[in-house]
Amino acid sequence: MFKKKPKEFHRQILKPIDTEKEFEAGEAFKALRTNITFSMSQREHKRILFTSSVPAEGKTSTICNFAIVLAQTGSKVILIDGDMRNPKVHKIFGYHKTRKGLSTVLSTGSFEGSVVNSKYENLDLMFAGMTPPNPTELFEGKYAESFFDKLEQYYDYVLVDTPPVNLITDALVLNKYNFATIMVLREGYSDHREIQKAIKSIQLVGSDLIGAILIGSNHALTAVKKEGYGYGYRYGYGYGNYYGYKKDDDSDDEEYDSEN
């Protein structure tokens with residue numbers, strides 16, 4: 001439905017950053033970790049979803065790397081691929097698509113075989129699983145609330161990668177389960193009108209939008225509102241050309257395939 005804007009990008013194989021070798025990127029994600037954990041410190045539920053306004057803004061790569069640095073603190077973290085139509089988390093971590101995953105849990109209530117131990121200490125993964133005919137309805141189904149409650153018995157943080165707000169309503173539906181929302185924006189790509197549309201949708205459902213992440217920028221933002229977006233965040237941060245995003249590189253969402 002959404003096609004990637006014409007740019008001089010070429011597809012690349014995505015993988016998590018090496019925080020030891022890629023020092024600048026690692027420090028940026030650690031700063032992000034500090035900001036987010038501070039914002040979450042007074043919350044009863046440590047549930048965070050990452051979303052964007054439209055495809056190709058880099059949210060999947062961002063949440064994957066954030067999950068890694070969050071787990072480095074010793075917190076038990078589970079990262080869930082909540083984009084059951086167009087999953088990518090398994091690709092970034094170097095796995096094949098699995099039959100069992102989020103769609104299995106939400107449709108049957110069974111966790112068996114759905115959680116994967118990653119190679120990173122304290123970080124578990126749950127992939128999207130087989131593509132169901134009704135992903136949004138599964139988030140509203142009878143197993144969803146108990147699913148997130150059970151996860152909090154084992155994990156300190158529950159992270160969910162969701163589809164773009166302006167394309168799919170999944171991120172808005174998850175609001176009822178006490179998630180904090182983080183928007184990912186890409187400098188030189190994200191459109192002001194699309195961002196404003198996404199923000200309005202998030203606000204209408206009463207979601208707690210705790211911040212925005214600006215990627216592809218060589219400078220930090222102290223507040224998005226200063227850039228003329230018409231709304232403010234508790235923090236905004238620029239991450240430069242991190243984990244291989246250079247002028248001729250692609251993002252993690254080359255094209256959103258709503259029928260995948």
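This text walks through the fold, from the whole chain down to single residues.

The model is predicted. Its average pLDDT is 81, and 77% of the residues score at least 70. One covers residues 1-13, which still make 42 contacts beyond near neighbours in sequence. The other covers residues 220-260, where pLDDT stays under 50 and the model has 138 contacts beyond four places in sequence. Read both stretches with their scores in mind.

Now take the chain as a whole. It has eight helices and eight strands. Of its 260 residues, 57% count as buried. The accessible surface comes to about 12000 Å², and carbon and sulfur atoms hold 47% of that area. Consider the contacts with a separation of 6 or more. Residues 24 or more positions apart account for 80% of them.

Start the detailed tour at strand β1, residues 47-51. Five of its five residues are buried. In a regular strand, side chains alternate between the two faces of the sheet.

Which strands pair with β1? One is β5, residues 157-161, and the pairing is parallel over four bridges. Here I48 stands opposite L159 of β5. Another is β6, residues 180-186, again parallel over four bridges. On this side, T51 has M183 of β6 as its bridge partner.

Most residues other than glycine have a negative phi. A56 has a positive phi of about 75°, although it is not a glycine. Is A56 buried or exposed? It counts as buried because its relative accessibility is 2%, below the 20% cut-off.

Helix α2 is mostly covered, with 13 of its 13 residues buried.

A positive phi also turns up at N122, where the angle is near 75°. N122 is not a glycine either. It is found in the loop between β3 (116-117) and β4 (123-126).

The largest core has 34 residues. Which of them have the most contacts inside it? They are I80, F147 and F148. Beyond its neighbours within four places in sequence, F147 is in contact with I80, L102, V105, L106, F111 and M126. A second, separate core has 33 residues, including I17, I36, F50 and L159.

The last stop is S114, in the loop between α4 (102-108) and β3. S114 is buried because its relative accessible area is 2%, under the 20% limit. What surrounds S114? Leaving aside its neighbours within four places in sequence, it is in contact with K100, G101, T104, V105, L125, M126 and F127. Two of these residues, V105 and M126, are also among the contacts of F147. S114 and L102 are 12 residues apart in sequence, yet their C-alpha atoms are 7.1 Å apart in space. L102 is itself one of the contacts of F147.

Conventions. Residues numbered from 1 in each chain as written. Heavy atoms only, no water. Buried < 20%, exposed > 50% of the residue type's maximum accessible area, 1.4 Å probe, protein only. Helix = DSSP H or I, 4+ residues; strand = E, 2+ residues; numbered from the N terminus. Pairing = 2+ DSSP bridges. Core = buried A, V, L, I, M, F, W, Y, C linked by side-chain atoms within 4.5 Å. Contact = heavy atoms within 4.5 Å. pLDDT = per-residue confidence, 0-100. Areas by Shrake-Rupley, 256 points an atom, 1.4 Å probe, with all protein chains shown as cover.
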